[in-house]
Amino acid sequence: MAANIPGDLHWDRILITLFIAILLFFYYQGRGSKGADGGERKVGILQFLLPMDIYTHVSARVDIWLWVLERFLRPFWAVALFATVGTFTEQSVIVGLEFLFGGTPAVETNFVWMLLYALVSLLCYDFIFYVIHYTMHKVPALWAIHKIHHSAEVLTPLTRSREHFLAGPIWATGSAFSFGFAAGLFAYLFDGGITQATLFNVGFFSFLLGLTGAFRHYHVQLRYPRWLEKWIQSPAMHHTHHSYLRKHWDTNMAAVTSIYDRMFGTLYIPEKDEYTPWGIGPETQDEYRTFWQNTAGPFRDWYKMVAGGSSPQAGSASESVPKNDAEAT
Ligand SMILES: [Zn+2]
Ligand SMILES: [Zn+2]
């Protein structure tokens, strides 16, 4: 489970990201990468892989410090959370199933079942991720926390981990719950005798998740064929999630698949080279530029909400959040 907490830097994934980007550079002959303004442009290979305007941007530097703080605080809650939420969920599912259907059917395992276990784990995870993410976008008090991820004005692989330190426990609770749920279900069916099919020692599909996780916060557009994007989110589809244009708000909120976004009407498949200016929009971006502004952000927003009156988020969540409080997704 711990391997699935977003927030870890995996050098292997960054190297694979770079490798795919080099292939894309040759395939698209220098096109397909975006600049700090979120616009596509044709550039040389160095600028394609490591654009100066992005990596010297204040937002990229703030990514680093937010990540450092989050990593520093994580040990204080992560282990306890996984041990309690994960185990409790798993045990509850087993007890519940035994109550409903009697003892374990103790099915014989084989590789197909192990693959299915990995797939179900991923679908559970993606669903919980979607629900939490959607809620964070729609509930003003939670948007105050998640906004820090969206205040990134440029996308770098580290932007994936750019979160307010209060967001870590929320995401971790969600993944502990979802993996605990799948683990309980399969432990019941197979009398505890099944493990996920793995790839490089990580759950088969979780490995793919980690891979897209690194690439979807990279400025190079990696697209899939349109029919496939209706099932799996291409990394470029996360570019629109970070755009402050109205039509991009609250779209593509799952982590891996497009299934839940399609079910709940939030799927957005961008056009070729679609313009995606990143951040929370010119109106409030100035309030979320430095490390301290971002760290203090939620507390400032909550204070405004409690103090009432002039709070930009006092109305209905879905309307007031994007309209007033930075056009974000
Ligand atoms: Zn993101
Ligand atoms: Zn979001």
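Analyst: Two residues are in contact if their C-beta atoms, placed from the backbone, lie within 7 Å. This is a predicted model: local features need pLDDT of at least 70, side-chain atom pairs count only at pLDDT 80 or more, and totals for chains, interfaces and linings use all residues. Residues are numbered from 1 along each chain as its sequence is written, while chains are lettered from A and ligands numbered from 1 in the order in which they are written.

User: What does Ile-145 touch, then?

Analyst: Ile-145 is in contact with Met-136, His-164, Leu-166, Ala-167 and Pro-298, leaving aside its neighbours within four places in sequence.

User: Which residues touch the most other members of the largest nonpolar core?

Analyst: Tyr-125, Phe-129, Ile-145, Ala-182 and Ala-254, out of 33 residues in that core. A nonpolar core is a set of buried Ala, Val, Leu, Ile, Met, Phe, Trp, Tyr and Cys residues joined through C-beta atoms within 7 Å. Buried means 20 or more other C-beta atoms within 10 Å of the residue's own, exposed means 12 or fewer, and partly exposed is in between, with C-beta atoms placed from the backbone.

User: Which helices each supply at least two residues of this core?

Analyst: α4 (58-73), α5, α6, α7 (140-150) and α8 each do. Helices (H or I, at least four residues) and strands (E, at least two) are DSSP runs, numbered from the N terminus. Another core, of 17 residues, lies apart from the largest one, and its members include Ala-21, Ala-36, Ile-54 and Ile-269.

User: How do α6 and α8 cross?

Analyst: The axes of α6 (residues 111-138) and α8 come within 9 Å and cross at roughly 145°. Axes here are lines fitted to C-alpha atoms, for helices over the stretch in contact, and angles run from 0 to 180 degrees between N-to-C directions.

User: Which residues meet there?

Analyst: From α6, among them Tyr-117, Cys-124, Ile-128 and Phe-129; from α8, among them Trp-171, Phe-177, Ala-182 and Phe-186. The contact residues divide into 14 nonpolar, four polar and no charged. In that count Ala, Val, Leu, Ile, Met, Phe, Trp, Tyr, Cys and Pro are nonpolar, Asp, Glu, Lys and Arg are charged, and the others, Gly among them, are polar.

User: Is Phe-186 buried or exposed?

Analyst: Phe-186 counts as buried because it has 26 C-beta neighbours inside 10 Å. Not counting residues up to four places away in sequence, Phe-186 touches Tyr-117 and Ile-194. Its C-alpha atom is 9.7 Å from that of Leu-116, 70 residues apart along the chain.

User: Switching to α5. What span should it have?

Analyst: The 24 residues of α5 (residues 78-101) should span 34 Å at 1.5 Å a residue, and the end C-alpha atoms are 34 Å apart, which agrees. The expected span is 1.5 Å times one less than the number of residues. Leu-81, Val-85, Gly-86, Thr-89 and Glu-90 are buried in α5, and what covers its buried residues includes α8 (167-189). Gly-102 follows α5, with a positive phi near 85°.

User: Which residues have a positive phi of about 55° although not a glycine?

Analyst: Asp-250 is one, and Asp-273 is another. Most residues other than glycine have a negative phi. Asp-250 is in the loop between α11 (237-241) and α12 (259-263), and Asp-273 is in the loop between α12 and α13 (291-307). Asp-250 counts as partly exposed because it has 18 C-beta neighbours inside 10 Å.

User: And the chain overall?

Analyst: The secondary structure comes to 14 helices and four strands. Of the 329 residues, 41% count as buried.
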